[in-house]
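Have the structure open beside you as you read.

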Amino acid sequence: MLFYFIALLVTLVDQGTKIAVRMYMDVGEVIHLGDSGMQLQHYENSGMAGSMFQGNARLFGVIAVLFIAGMFYYRRKGEIRGFWMQAGAGFMVGGALGNAIDRFIYARVTDFLVFPTGRGILNLADVAINIGVIMIIIGMLIRTYHQYREKRMRNALPKG
């Protein structure tokens, strides 16, 4: 249930923010958010991360749908279990779905978040995907630790 809740919430919040940006900001418009270095800038990206492969939005939409199908497959197989893995997968699926909706409807993705690091313009779906990756890695580390500990416990038992 956690997986579905997070995926739906991420998709809805992502789409809501993109609608607001398209409604209230002109393409190229920049809004500085105080002295933080953070800013909003309306950008329409018809490619992928880093504005590579412009004009291929729908192709990347198909890739996103295949990714989402893969996540559902691995969930069904039982490969994605536990809080960290379920939540991480939910963030990744919600982010992929949010960007896929843009790619299929508008043939581009609305980006608007510029962080002080200056490494591109993102949207909430992109941020969610990054959060999801981090959560999946944490889940994998926890699973590996538990497997290692169980193996040590089994090997420590007296044979006989």
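Predicted model: local features only at pLDDT ≥ 70, side-chain atom pairs only at ≥ 80, totals over all residues.

Residues are numbered from 1 along each chain as its sequence is written, and side-chain values use heavy atoms, leaving out hydrogens and water.

- Two packed helices are described by the angle between their axes and the distance between the axes.
- Helices here are DSSP runs of H or I with at least four residues, and strands are runs of E with at least two, numbered from the N terminus.
- The crossing of α2 with α3 is left-handed, a term used if the near helix is turned anticlockwise from the far one by less than a right angle, with clockwise giving right-handed.
- Among the residues making this contact are Phe60, Phe67, Met71 and Arg75 of α2, and Gln86, Met92, Leu97 and Phe104 of α3; contact means heavy atoms within 4.5 Å.
- By class, that contact holds 17 nonpolar, 2 polar and 3 charged residues, where Ala, Val, Leu, Ile, Met, Phe, Trp, Tyr, Cys and Pro count as nonpolar, Asp, Glu, Lys and Arg as charged, and the others, Gly among them, as polar.

**Arg75**

- Arg75 belongs to α2, and its C-alpha lies 8.4 Å from that of Gln86, 11 residues away along the chain.
- Beyond neighbours within four places in sequence, Arg75 touches Phe3, Tyr4, Ile80 and Gln86.

**Helix α1**

- The 23 residues of α1 (residues 2-24) should span 33 Å at 1.5 Å a residue, and the end C-alpha atoms agree at 33 Å apart; the expected span is 1.5 Å times one less than the number of residues.
- Buried residues of α1 include Phe3, Ile6, Val10, Asp14 and Lys18; buried means under 20% relative accessible area, exposed over 50% and partly exposed in between, with a 1.4 Å probe and protein chains only.
- The buried residues of α1 pack against β2 (39-45), α2, α3, β3 (109-114) and α4 (124-156).
- The axes of α1 and α3 come within 7 Å and cross at roughly 35°, in a right-handed crossing.
- The α1 and α3 contact divides into 13 nonpolar, 8 polar and 4 charged residues.

**Helix α4**

- From first C-alpha to last, the 33 residues of α4 reach 48 Å, close to the 48 Å expected.
- Buried residues of α4 include Gly132, Met135, Ile136 and Gly139, and the buried residues of this helix pack against α1, α3, β3 and β4 (121-122).
- The axes of α3 and α4 are 7 Å apart at an angle of about 155°, which makes these two helices roughly antiparallel.
- Their crossing is left-handed, and by class the contact has 18 nonpolar, 5 polar and 2 charged residues.

**Ala107**

- In the loop between α3 and β3, Ala107 has a phi near 60°, a positive value in a residue other than glycine.
- Ala107 counts as partly exposed because its relative accessibility is 27%.

Definitions and conventions. Axes fitted to C-alpha atoms, helices over the stretch in contact; angles between N-to-C directions. Parallel < 35°, antiparallel > 145°, perpendicular 65-115°, else oblique.
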